[in-house]
Amino acid sequence: MPRATEATAAAAAARTASPSERVDALRRFAAAVRRGRGLHVASCAVLLAVAMTAGAVAVGGDEQDAARALPGVSRAVNADVLVRGDLGTAIRSLQEHVRRRPRDSGAWATLGLAQVERARTDGDPSRYDQAERALARSLALRPGNDQALAGQAALAAARHDFAAALDHADRALERNPYSERALCSRIDALVELGRYAEAAEAATLADRRRPGVPVFTRYAYVHELRGDVRTARRVLHQALASAAGPADVAYVATALGNLERGQGRYGTALRHYARALAADDTYLPALEGRARAQAADGDRAGAIVTLEQVVARSPLPGPLVALGELYEDRDAPGDRAKAREQYALVDAWTALARAGGVDVDLDTALAAADHGDTAEALRAARAEWGRRRTVHTADALAWALHRAGRSAEALPYARRATATGYRDATFLYHRGLIEKAAGRDRAARASLTAALELNPGFSPLGARAARAALKDLEAAR
């Protein structure tokens, strides 16, 4: 089969909205790209994007019969009610609503926001174009309405254009200073731009204006980034106590699980993930968190089973890389090939995401530094550092430089990644190996020891490498 035709066939395989079929299409696309050296990846990604959403159209489309089978929604303008419920049902109901009432600007804004959330949860960034069209329709009907502006802020943040997200959020807040969505998007944008002091002020302001679960979780994360884990934990427990429904319980319990896992408290983390999944057994972030905690706690088999469930429904870079590394760590017959498949799926997803207007340089840098082209990792990390200077981009650039053999140049960025007090074992591990390569053995021992004391199971491959590096350092004393 000609290579372009092969990619077309892979795309055509995703004509339904079934998660398993979408993932299968992504796998076939990845295989076609690997075999087709002359294939234009971006063009094929566009084709795949169209196919992946052919059965879930936001503005017009082919699902009229399915949509008409659902009741109309007089509450269509209430974004929070719909987005916290069943997104698939909400989107189909909203599609029917705007077909019957095409001049309802609030419904168009809500539809756009729901599509943003759907894209973020199911790993299908091609939905962002649909969200953009719905939000534009809302603004054409009612220029400057705060719902659509807040939706544009959420869309820009989802595409990792955080400067635009901040601008849209500010414009929405000029119209409605109490917009929860805009207040939260403003915090997110400032965090992702590395403007942590301003993010803390924005979180305090949001807490005064619209206290609630979305604001509480962001307030906690701002404190965690500044090294104040105690306050972050306290605020999240308060948020969990105030959670009103299953979606909020799942969201906050997962955030608590992630916090405790990062501090090496795996049993506590697993209890939080269990509570999240008791509230919503389909909540993918909780499943992913549970898998990572299982792996850290020594249950590699359970972690693999859980992560396989996650990537079968949402093939995002984070869980794909984690599953690939677990296969490498197990190293049973066929596991090396399975690991390579996960890393190839990351490449396919990033091509699809770029076609959907998403900045994926940070994802590219992190995955490629360990499992791909180190030159591409460095290019992507430098590009991301040019846009935003966060602890995460500092760590990514430091690691990409180290993997490219430029450890002395990497060291200032590794230090910057740990300068806010944020307690992350991966950052400490990266810094330790960079210090070791730069000949700073004493500092390397301190960083590597701190990483393993904080979170001894932070990564199946990384933790092993950290212990081996410490052993080498001790032998050289």
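## Aromatic pairs

Two rings of Phe, Tyr or Trp (taking the six-membered ring of Trp) count as a pair if their centres lie within 6.5 Å; planes under 30 degrees apart are called stacked, those over 60 edge-to-face, and the rest tilted. Applied to this predicted model, the rule gives 4 aromatic pairs. Let us start with Trp-385 and Tyr-413: their ring centres are 5.4 Å apart and their planes stand at 85°, so this pair is edge-to-face. Trp-385 belongs to helix 22 (residues 374–387) and Tyr-413 to helix 24 (residues 407–417), so the pair links distant parts of the chain, 28 residues apart.

Now look at Trp-399 and Tyr-429. Their ring centres are 5.7 Å apart and the planes meet at 45°, so this pair is tilted. Here too, distant parts of the chain are linked: Trp-399 is in helix 23 (residues 391–403) and Tyr-429 in helix 25 (residues 425–437), 30 residues apart. Trp-399 is buried at 5% relative accessibility, and Tyr-429 is buried with a relative accessible area of 9%. Ring pairs also bring in Phe-458, giving a cluster of Trp-399, Tyr-429 and Phe-458.

## Charges over rings

Arg-137 lies over the face of Trp-108, 4.5 Å from the ring centre. In another place, the charged end of Arg-209 sits over the ring of Tyr-178, at 5.9 Å from its centre.

## The chain as a whole

What does the secondary structure of the protein chain come to? There are 27 helices and 0 strands. The chain has 477 residues, of which 53% count as buried. Its accessible surface comes to about 20,100 Å², and 49% of that belongs to carbon and sulfur atoms. Among contacts between residues at least 6 apart in sequence, 58% join residues at least 24 apart.

## A closer look at helix 8

Helix 8 (residues 127–141) lets you check a simple sum. At 1.5 Å a residue, its 15 residues should span 21 Å, and the end C-alpha atoms are 22 Å apart, which agrees. Which residues of helix 8 are buried? Among them are Arg-127, Tyr-128, Gln-130 and Ala-131, as well as Leu-135 and Leu-139.

## Salt bridges

The structure holds 26 salt bridges. One of them joins the side chains of Arg-159 and Asp-129, at 2.8 Å from N to O. Arg-159 lies in the loop between helix 9 (146–158) and helix 10 (162–175), while Asp-129 is in helix 8, so the bridge ties together parts that are 30 residues apart in sequence. Arg-159 is buried, with a relative accessible area of 12%, whereas Asp-129 is partly exposed at 29%.

Asp-370 and Arg-403 form a salt bridge too, with their closest N and O atoms 3.9 Å apart. That pair links helix 21 (residues 361–371), which holds Asp-370, to helix 23, which holds Arg-403, across 33 residues of sequence. Asp-370 is partly exposed at 33% relative accessibility, and Arg-403 is partly exposed with a relative accessible area of 39%. Elsewhere, a network of salt bridges links Glu-192, Asp-359, Asp-361, Glu-376, Arg-379, Glu-384, Arg-387 and Arg-388.

His-237 is partly exposed, at 37% relative accessibility. Leaving aside neighbours within four places in sequence, its contacts are Leu-256 and His-272. Next comes Thr-306 in helix 18 (residues 300–313). Thr-306 is buried, with a relative accessible area of 3%, and, with neighbours within four places set aside, touches Leu-287, Arg-290, Ala-291 and Gln-294.

Finally, where does Gly-421 lie? Gly-421 is in the loop between helix 24 and helix 25, and is partly exposed at 30% relative accessibility. The C-alpha atoms of Gly-421 and Val-229 are separated by 9.8 Å, although these residues are 192 apart along the chain. Beyond neighbours within four places in sequence, Gly-421 is in contact with Leu-225, Arg-226 and Gly-227.

How values were computed
Residues are numbered from 1 along each chain as its sequence is written. This is a predicted model: local features need pLDDT of at least 70, side-chain atom pairs count only at pLDDT 80 or more; totals for chains, interfaces and linings use all residues. Side-chain values use heavy atoms; hydrogens and water are left out. Helices (H or I, at least four residues) and strands (E, at least two) are DSSP runs, numbered from the N terminus. Buried means under 20% relative accessible area, exposed over 50%, partly exposed in between (1.4 Å probe, protein chains only). A charge sits over a ring if NZ of Lys or CZ of Arg is within 6 Å of the ring centre and within 35 degrees of the ring normal. Contact means heavy atoms within 4.5 Å. Accessible areas come from the Shrake-Rupley method with a 1.4 Å probe; for residues, only the protein chains shown count as cover. The expected span of a helix is 1.5 Å times one less than its number of residues. A salt bridge is a side-chain nitrogen of Lys or Arg within 4 Å of a carboxyl oxygen of Asp or Glu.
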